[in-house]
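Here are my notes on the model you sent. They are set out as numbered points for checking against the coordinates.

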Amino acid sequence: MDGGVGYADMDALKATELRLGLPGSHPPEKPLPTTTTTARPTKRSLDEDRAARRETSEGGRATSARATKAQVVGWPPIRSYRKNSFQAMKATAEAAGLYVKVSMDGAPYLRKIDLEVYKGYRELREALEDMFKCFEGCKGSEYAITYEDKDGDLMLVGDVPWEMFTSSCKKLRIIRGAEAIRGLGSSQ
Amino acid sequence: MREERSDMSEDEDGGGGVEQKERWGPSHGGGGGGCGSAKSRGGVWTDPPPPFSDQVLENVLENVLQFLVCRRDRNAASLVCRSWYRAEAQTRGELFIGNCYAVSPRRATDRFRRVRSVVLKGKPRFADFSLVPLGWGAHFSPWASAMATAYPWLERICLKRMSIADYDLSLLAFSFPFFKDLTLICCDGFGTLGLAVIAEKCRHLRVLDLIEAYLEEEEEDEVVDWVSKFPQTTTSLETLGFDCVVSTVNFEALEALVARSPALRQLRVNHHVTVDQLFRLMVRAPQLTHLGTGSFGHPAALALQGDVMEHDADLVSAFAASKSIVSLSGFRDVASQYLPAIYPVCANLTTLNCSFAEITADELKPVIHHCHNLQKFWVLDTVRDEGLQAVAATCKDLRELRVFPLNATEDSEGFVSDVGLAAISQGCRRLRSILYFCQQMTNKAVITMSKNCQELVVFRLCIMGRHLPDHLTKEPMDEGFGAIVMNCKKLTRLAVSGLLTDKAFGYIGKYGKSIRTLSVAFAGDSDVGLRYVLEGCPKLQKLEIRDSPFGDPALLSGIHQYYNMRFLWMNSCKLSIRGCNDVAQRLPRLIVEVIRDRPEADDETVEKLYMYRSLAGPRNDAPPFVMIL
């Protein structure tokens, strides 16, 4: 298709991007540009779209790529009501609350992840390790992954079935150091 | 049943609104006749009351004139003489204001004293495509206030592209005890609180119709349960449309409302209403004629939990029992296994809007096969040319077709093409209105349509890629559009696209004698193009142009025309402040607005121009980014 920007540049650009989803797991993208007015996920082709809607969990829904060709505002002339409706439909289909904040003791800023993207605890753990590995270091590698549930209680990740976890998890917190060791009882 | 007003893309009766009646020449002569006292500049007659015999005549006249409904006829009648002017003003029941800034609310209410119904339009259409910055204007408040005192018997309000506050809705509800009918099209600024007040206070409400409105974003705890606010007794509701409301509604309250509204004929629910819930509503209201089906599926979360519709047969029987349904819409999240449930009503359908449903040709065919009486069909391009061929084969009485793109981007694949267009033109000879989004088109297909569909009144073709030529011959699309204006003698509205030279505009100017609305984007070579149109199209009312190489000379060539038009919009063309100033000075009753996205930029170039005739002078509510010359 229309590629104004070389792929080498795209890779360099992507490497610096904060993304949602497992790093390195984004699918090969169709270079579909997005409008410059809003940052919406790239619209996929018809077949991809329908496949995605059939299975609710889908790997690596990447954020919008930098446009390969600058889009103009308001072209093609579709009312934002219509554009928003498709977005809204997908949003309700994906269910609220699957984007959760992840905090780690000692880290200067939080991350946000989409739980729907992971198929289970192992993937989640790997993703979190990857995300926060820059903050490993002299503090040692003992940590526990906890989450705050609907009732506001701090729970250890891994005790309940995955679906139950994703529907009740409000935010994640990675506890490190001595506190974590104390908390760790049965094997994870 | 009222005429389908849901779109109002073509004003019935055309011609000017209120403002047309004032003389637009340099001399504002009086209405002639009688005592010879001239009309004051304010347009208010200031002479002594007429003698007795004249009064009798006026009474007779009023009795006759009240049968005149068409506003163009009324405008003409009001110009005959003072007596007729007065009689007409006293008997006009519906006030149509095509541009809310063309006349002040006070002036309108002073002249027309017995209005029961008001239609008011605000922002220019390109506001729908994010081209008009937020806060530009079109506030309903001043009109609401003026009408609250002037028209205590007001029954009906229809607003399009206006900014409405909850407070305004509240004012309506408290000021008009006989209020019956509220229709809001592409409006914004209000929320569920406003809806709640209307529901609660308007005890005679028949119509509450929200069409593509943008409600204010509300946090969960801000959302008001407006559906519960309707009177608990039997209501007089005939139409309830809230498919554009993004927040969930209290379903139990909705079901109970439907159950106690025996006059309900039109119900359009939003996408939060699942197919199970829809079934329950249909059971309560088998007398419906127009149904907006909401999601017609389930949110995925529900489906996961297995809480799906157990009895498909029930849904089919609900449709079978709804013998009066002639219009279906919604299908926001349609689960294709439910689509066949609508078969029982297909043969009666005159309107089918599945333009939010991503269905394929194979899913469409069995449905459309039953729809022999379809007149209006809105669909997504996911059905492809093949789907359109099926439509052409069955829907011989089709009058209006809209094909929307799933992926509204320039580079998207595009699933329909010239093949679909040609097929439609072969099968649907009575077509009057078409809106078609595609990526590939040929002159040949457009020419074919121009010959087959002689009834065309509205032709809007959007080739999404900019400057795309005929994809087979690689030539500009001039000949295609030329054929349309040449062959379709009834054409009043035209939207062009694709690669177009000045030649296309030459055709439009030469043959487009009935054209009232013209939309141009990324077209033309030079000023000559715009000149052709401004000099050649006497009936032109609304002209909207973007990203085309037309400059000041072209703008000036339309001086003779602008007082006859409702508005001219141009953005990203080649206009400069000087040219616009020139026009503003030569036409004192023309409001020339220059809209800057960045107020500080002191360029000579004019990024966005909006010009319109007005009796009200420059508006006093213009935001900082609007400069009125």
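The points below cover the basis of the model, chain B as a whole, its domains, and several local features.

1. This is a predicted model, in which local features need pLDDT of at least 70 and side-chain atom pairs count only at pLDDT 80 or more, while totals for chains, interfaces and linings use all residues. Residues are numbered from 1 along each chain as its sequence is written, chains are lettered from A and ligands numbered from 1 in the order in which they are written, and side-chain values use heavy atoms, with hydrogens and water left out.

2. Chain B has 629 residues, of which 61% are buried (buried means under 20% relative accessible area, exposed over 50%, partly exposed in between, with a 1.4 Å probe and protein chains only). Its secondary structure comes to 21 helices and 21 strands; helices (H or I, at least four residues) and strands (E, at least two) are DSSP runs numbered from the N terminus. The accessible surface is about 24,100 Å², with 53% belonging to carbon and sulfur atoms (Shrake-Rupley method, 1.4 Å probe; for residues, only the protein chains shown count as cover). Of the contacts in chain B between residues at least 6 apart in sequence, 72% join residues at least 24 apart, a contact being heavy atoms within 4.5 Å.

3. Chain B is divided into domain 1 (59–89) and domain 2 (96–224), with bounds from an automatic or database domain assignment. The C-alpha centres of domain 1 and domain 2 of chain B lie 27 Å apart. Six residues of domain 1 and five residues of domain 2 take part in the contact.

4. About 450 Å² is buried between domain 1 and domain 2 of chain B, and carbon and sulfur atoms give 45% of this (buried area is the accessible area, 1.4 Å probe, that two parts lose on being put together, summed over both). Arg71(B), Tyr85(B) and Ala89(B) supply 76% of the area that domain 1 of chain B buries against domain 2 of chain B, more than any other three residues. The rule finds one salt bridge across this interface, where a salt bridge is a side-chain nitrogen of Lys or Arg within 4 Å of a carboxyl oxygen of Asp or Glu.

5. Leu120(B) counts as buried because its relative accessible area is 0%. Leaving aside neighbours within four places in sequence, its contacts include Ile97(B), Cys100(B), Trp143(B) and Met162(B).

6. Ser130(B) has a positive phi near 60° and is not a glycine; at 45% relative accessibility, Ser130(B) counts as partly exposed. Ala138(B) also has a positive phi, of about 60°, but is buried at a relative accessible area of 0%.

7. The peptide bond from Trp75(A) to Pro76(A) is cis, with omega near -5°. Pro76(A) sits in the loop between α2 (46–54) and α3 (80–94) of chain A. Most residues other than glycine have a negative phi, and most peptide bonds are trans.
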